[in-house]
Amino acid sequence: MKHINENVTVSPQIDLNEIADIKAQGFNIVMSNRPDGEEIGQPLTADIQAAVESAGLKFVHIPIISGQFTQEAIDGFAEVVGANDKVFAYCRTGTRCAALWALSQAGRASADDILGATSAAGYDFPQLRAHLEGADS
């Protein structure tokens with residue numbers, strides 16, 4: 001679990017027994033950025049969603065195939081994290097979630113601030129700099 005900022009935390013794949021802890025840490029939304037069937041033994045999104053909603057949290061599914069970030073997914077992520085709720089996002093390793101957050105912040109903060117936040121959380125995305133700087137202008 002790595003904190004991008006005070007409202008967004010990213011993580012590798014979760015399982016059902018982690019949901020109570022996620023709720024106890026004050027998260028309002030659990031977001032999956034992982035498609036079903038990506039890996040053998042991966043928990044089904046529907047099972048995670050049912051458990052999250054049963055715990056009284058909101059569940060959002062914005063699946064990203066590794067390296068394939070659509071504008072629709074970026075906009076959806078931006079909408080979720082823009083609500084000032086505490087968001088816990090997961091994928092296989094957390095990298096897609098962190099990159100999706102960075103892309104969703106283009107034009108909302110400087111490239112240095114965005115990349116500084118992801119770097120502090122352990123995710124370096126120098127390949128995103130040109131895109132983020134292009135959104136600054």
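Axes are lines fitted to C-alpha atoms, for helices over the stretch in contact, and angles run from 0 to 180 degrees between N-to-C directions. The model shown is predicted, so local features need pLDDT of at least 70 and side-chain atom pairs count only at pLDDT 80 or more, whereas totals for chains, interfaces and linings use all residues. Residues are numbered from 1 along each chain as its sequence is written, and side-chain values use heavy atoms, without hydrogens and water.

**View 1. Helices α4 and α5.** The axes of α4 (residues 95-104) and α5 (residues 111-120) come within 10 Å and cross at roughly 165°. That makes α4 roughly antiparallel to α5 (an angle over 145 degrees). Helices here are DSSP runs of H or I with at least four residues, and strands are runs of E with at least two, numbered from the N terminus. A98, W101 and A102 of α4 meet I114, A117 and T118 of α5 in the contact (heavy atoms within 4.5 Å).

**View 2. Helices α3 and α4.** The axes of α3 (residues 71-81) and α4 come within 8 Å and cross at roughly 85°. The two helices are therefore roughly perpendicular to each other (65 to 115 degrees). On α3 the contact is made by A73, I74, F77, A78 and V81, and on α4 by C97, L100, W101, L103 and S104.

**View 3. The open sheet.** In the order β1-β2-β5-β3-β4, 5 strands form an open sheet with mixed pairing; two strands pair if DSSP finds at least two bridges between them. β1 (2-3) and β4 (58-61) stand at the edges, each with a single partner strand, so one side of each has no neighbour in the sheet. β1 pairs with β2 (residues 8-11) in the antiparallel sense over 2 bridges.

Technical notes: Parallel < 35°, antiparallel > 145°, perpendicular 65-115°, else oblique.
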